[in-house]
Protein chains: 2
Amino acid sequence: MSITLAELGEAELLDRLARFAPPGQLNDDTALLPPDSRALLVNTDVMVEGVHFSDATTAPADVGWRAVVANLSDLAASGSEQVEGITVGLVAPGTTSWWWVEQVYEGISEALEHFGGTLLGGDCSTGKQRFLSISAFGRLGPLRLHRAQARPGDLLMSSGPHGLSRLGLALLQNTPLPTALSVPPTLKDQAIRCHQRPRPRFDALQTLVACKPEQLPWRAGGTDSSDGLLAAVHGLCRSSGCGAVLRRDALPRPDAWPCDSAWDRWCLSGGEDFELVLSLPSEWAESWRHHQPGSCCFGAITADTGRIIWNDDGALLQPSEFSHYR
Amino acid sequence: MSITLAELGEAELLDRLARFAPPGQLNDDTALLPPDSRALLVNTDVMVEGVHFSDATTAPADVGWRAVVANLSDLAASGSEQVEGITVGLVAPGTTSWWWVEQVYEGISEALEHFGGTLLGGDCSTGKQRFLSISAFGRLGPLRLHRAQARPGDLLMSSGPHGLSRLGLALLQNTPLPTALSVPPTLKDQAIRCHQRPRPRFDALQTLVACKPEQLPWRAGGTDSSDGLLAAVHGLCRSSGCGAVLRRDALPRPDAWPCDSAWDRWCLSGGEDFELVLSLPSEWAESWRHHQPGSCCFGAITADTGRIIWNDDGALLQPSEFSHYR
């Protein structure tokens, strides 16, 4: 059995955590980001045990990885071209093993090595429940993607398929699938990988910046699908004062995804997909679809404020409100 | 009885919280800080119910105020001349009343109005325990105060008295005082005010910057006494590889503080004082003491790495390790 945080004591815990940051980085009350000619994007996300992760489905290294990716995905969906780093607020009961904390920070470090940035600072405390609060910092590139920048006539684009993370969670929890339709083993593997090790789509953002038709201004609506595809569309419409029409035939379903309306609900609202969901002028959309493997057009933005409908029968899509509080 | 967060739902909660931020500010996945020629200071602090605050001693507006001040105090102790703003991660059970949350954000807003900055963004989730994680952002002025910048021969300076917040807590909790020595009513009032509404010492930093003797470089050691005076000295010594000698006759005791070694322990280790604790070349120290009301010299930095001693008998001062985990 590994030593607990209570046995370790706070000073020793802080010393051990400092090894995950550059030398001397955690030696002061604050972290310093040097002046830069680019604007800074800032994001804060919380992850609570029993709400966002559990020992049953998430190894501690995956908890750390996912917490970082949830934040970096927001930076990507806002136009960040470079990650500066993160701060971490860690709350855990004194009975928590150092092994668990170390593994979480291993996962954090792995994600930072993959996607850039360093551990800049943080704080820790005891509490009744395990809990991570991460703030992430990135430098803005030429395109400020923004939820409020969708315009009627834009096409709705996705950087990749949706529903995999939800399927992965169900497989890990051994809970029922939408229907008994058979799922190929390769899809199962892909789904579990997607759930445990999601990726922020900086690559798709880079393509988007590179492929902009010259005559168009740097204006695009964007968000990520951390709360699901439909919630992403809803967020774009809400912040931009628009509506949307979704193409039932062209939902960004994963390959080999069962053809069924119940499965489509997971594609629409499964959550934690961390893809870019964009609202682009058609020319830019076409250019991006051409250059970005896996991207697709699944609808369009309309002037019909607040209404999201299907293209074939005009039926209203009600974004089932996801509420942590219920 | 006020409506609960579970009854409110997440969308309505976010709408209501958005009213505490500038219009449109919470409309996107991230916040943007424009380019600036000055470096950015970043700090993250967590506050957990039952550890850092409780309904018994802290009104929710004071919880919000104190959470902001704990962060801003770190910015002041690092040389921040302007607060940009904060992000807030809020975790609370669904049974929490909207009234409580609203009051916390009222306190947050009050503190930001007093000391500068705006609510830039955040996240919220349910959880078993109430919990706040705040990240604060400030622009660096000409002096980068740093824990690792103390040097042997420096004088140890404080921007104000220590022990008041601890006394205030004891009075609010109705727990025993160090001894039965009588406490004047004015000291009691001051102590409770200090505990409920601490202030970051941006004013004392401003004086420090303005009064630097011209021939000296911009080098000073500094931290805040959020964990107590002795912990602040210990932090300076640890990060700077130095030791310290403290003047027993010149501890920064509050006016009318009982003369007693037990009371002195609260002055040394009561905690949550949020004063600046500085390590300054003697000429600068003298200039600051002259210009900054309430500041004083209570010791000096030595080359005796890791040893903090009393000036009169040379006895070792052991910073009682404050550990949340025990």
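Two residues are in contact if their C-beta atoms, placed from the backbone, lie within 7 Å. On that basis, 60 residues of chain A are in contact with 60 residues of chain B. Strand β2 (residues 40–48) of chain A gives the largest share of its side, 8 residues; strands (E, at least two residues) and helices (H or I, at least four) are DSSP runs, numbered from the N terminus.

This is a predicted model: local features need pLDDT of at least 70, side-chain atom pairs count only at pLDDT 80 or more, and totals for chains, interfaces and linings use all residues. Residues are numbered from 1 along each chain as its sequence is written, and chains are lettered from A and ligands numbered from 1 in the order in which they are written.

Chain A can be laid on chain B with an RMSD of 0.0 Å by a turn of 180 degrees and a shift of 0.0 Å along the axis (least squares on C-alpha atoms of residues with pLDDT of at least 70 in both). That is the relation of a two-fold axis. The copies meet through the same surface, because 100% of the interface residues of chain A are also interface residues in chain B.

An open sheet of 5 strands has the order β1(A)-β2(B)-β5(B)-β3(B)-β4(B), with mixed pairing. Two strands pair if DSSP finds at least two bridges between them. β1 (31–33) of chain A and β4 (118–125) of chain B stand at the edges, each with a single partner strand, so one side of each is left without a neighbour in the sheet.
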